[in-house]
Amino acid sequence: LFSKELIKTSQQKLFNYCQSVIAYNDGQGHFRIEALPVWVQLSSVNAVAITDINGDGKQDLILGGNRFGFPPQFGRLDGSYGQLLLNDGGGKLKYAESPQSGMMIRGEVKSLQIIKGKERHYLVATVNNEKPVMFTYKK
């Protein structure tokens with residue numbers, strides 16, 4: 001991919017940890033790191049929204065990703081259609097399959113925003129070079 005001349009003049013570093021993770025703060029300056037589920041690892045994570053999506057009183061995570069702007073020889077990260085991770089209350093996040101979550105966002109998600117209404121809440125996903133996508137859920 002790169003010329004010998006470029007490699008000779010480049011600084012090389014070892015990169016050996018590329019998982020998307022969550023860091024839990026114990027309140028004492030220590031963090032417990034856990035890799036997110038395998039389905040999240042299929043692409044980049046560009047946006048995160050935190051909300052109680054299923055009304056159980058626990059904060060869940062909604063993730064959006066993908067990145068298409070790499071040079072052609074590197075391909076693109078396009079394996080994400082958005083993910084919902086449900087909080088089980090015991091410090092674990094459970095991946096909700098698309099039929100359960102209702103999420104199907106194509107493209108490069110750049111932002112996720114929760115808008116709270118009186119009877120329903122809304123999740124708005126902004127997608128690069130596309131129209132925003134909106135989902136509704138009961139509060």
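Before you start selecting, note that the model is predicted: local features need pLDDT of at least 70, side-chain atom pairs count only at pLDDT 80 or more, and totals for chains, interfaces and linings use all residues. Residues are numbered from 1 along each chain as its sequence is written, and side-chain values use heavy atoms, with hydrogens and water left out.

**Stop 1: the interior**

Select Ile62, Leu84, Ile105, Val109, Leu112 and Leu123, the residues with the most contacts inside the largest nonpolar core, which has 17 residues. Such a core is a set of buried Ala, Val, Leu, Ile, Met, Phe, Trp, Tyr and Cys residues joined through side-chain atoms within 4.5 Å. Buried means under 20% relative accessible area, exposed over 50% and partly exposed in between, with a 1.4 Å probe and protein chains only. Now colour strands S3 (45–51), S5 (83–87), S7 (109–116), S8 (120–127) and S9 (133–138): each supplies at least two residues of this core. Strands (E, at least two residues) and helices (H or I, at least four) are DSSP runs, numbered from the N terminus.

Apart from this core lies another, of eight residues, including Ile22, Leu36, Leu61 and Leu93.

Back at Leu123, show its contacts (heavy atoms within 4.5 Å). Beyond four places in sequence, Leu123 touches residues including Ala49, Ile62, Met103 and Phe135.

**Stop 2: a glycine in a loop**

Gly82 sits in the loop between S4 and S5 and counts as buried because its relative accessibility is 8%. Leaving aside neighbours within four places in sequence, Gly82 is in contact with Leu63, Met103 and Ile105.

**Stop 3: the aromatic pairs**

How many aromatic pairs does a search of the whole structure find? It finds two. Rings of Phe, Tyr and Trp (its six-membered ring) pair if their centres lie within 6.5 Å; planes under 30 degrees apart count as stacked, over 60 as edge-to-face and the rest as tilted.

Select Phe2 and Phe74: their ring centres are 6.2 Å apart and their planes at 40 degrees, so this pair is tilted. Phe2 lies in the segment before H1 and Phe74 in the loop between S4 (60–65) and S5, so the pair ties together parts 72 residues apart in sequence.

Next, pick Trp39 and Tyr95, a stacked pair at 6.3 Å centre to centre with 25 degrees between the planes. Trp39 is in the loop between S2 (31–35) and S3, and Tyr95 is in S6 (residues 93–96), 56 residues apart. Trp39 is partly exposed at 45% relative accessibility, whereas Tyr95 is buried at 19%.
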